[in-house]
Amino acid sequence: QKLRPDSSLYHVPFAFAIDGAIDPERFRVAFRALVAGCDALRSVVVETGGVPRVKVLAEQDAEIARVDLSRDRDPDGAAQRWMRERCHRPMNLSECLFDCALLRLSEYRWVWYLNLHHLISDFGSMTVIFRRVQELYRAVSEGSTGPSLLLPSFAQRVERERRERLAGRVRRADEYWERKLAGEAEPLSMYGGPPPGMSTRARRI
């Protein structure tokens, strides 16, 4: 990312279709509560002496862009074009590692657009985030901010792995697998047939 700051290669954009009426203001409150309780979403990357470091902000501006496409002749196509252009916008890693928007296609059709940098996300984490926003939106709609359920701490996970490496646990695991895989691996059989010979020859099926 440092070598190509304008590249969107490490962006992980998702679009969640929402059928039914929603309150954009309640959604904004729910998303801000999500960010406040998730240190990964409050993480940025800063450089000290040319060395990148992860820094967790105490607070992060979690405003959601609101885009009304309901008057467009083709709201779905307009949403696709908007998101396609938006997901290629560069992220300033020292300020924020996500981009969020709520697109209105009609009164009862919405799209939640969320683009996260791969530094803080993968497919599994998106599932957790979606479910957590559902819980928070439901709690806000019922007149409360919901229970104080924080997502797993990314910073604590990193620190725990650092301690394990210093303690030699990871190194012992590496040595085990190095011994296990030291010899030449036996060819694998495919679809119950005999293992193929060691050859680069190919044939058309």
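Analyst: Happy to! The lining of the largest pocket divides into eleven nonpolar, four polar and two charged residues, where Ala, Val, Leu, Ile, Met, Phe, Trp, Tyr, Cys and Pro count as nonpolar, Asp, Glu, Lys and Arg as charged, and the others, Gly among them, as polar. This is a predicted model, in which local features need pLDDT of at least 70, side-chain atom pairs count only at pLDDT 80 or more, and totals for chains, interfaces and linings use all residues. Residues are numbered from 1 along each chain as its sequence is written, and side-chain values use heavy atoms, with hydrogens and water left out.

In all, 17 residues line the largest pocket, and those nearest its centre are Lys2, Val45, Glu47, Pro52 and Leu93. A pocket here is an open set of points on a 1 Å grid over the protein atoms alone, where a 1.4 Å probe fits, with protein on both sides within 12 Å along at least five of seven lines; lining residues have an atom within 4 Å of a point. Strand E2 (43–48) and strand E3 (51–56) are the elements that each give two or more residues to this lining, and E2 provides the largest share, three residues. Strands are DSSP runs (E, at least two residues), numbered from the N terminus.

As for the space itself, the largest pocket has a volume of about 370 Å³, a volume being the space filled by probe spheres set on the grid points, which are joined across faces, edges and corners.

Terms used:
Helices (H or I, at least four residues) and strands (E, at least two) are DSSP runs, numbered from the N terminus.
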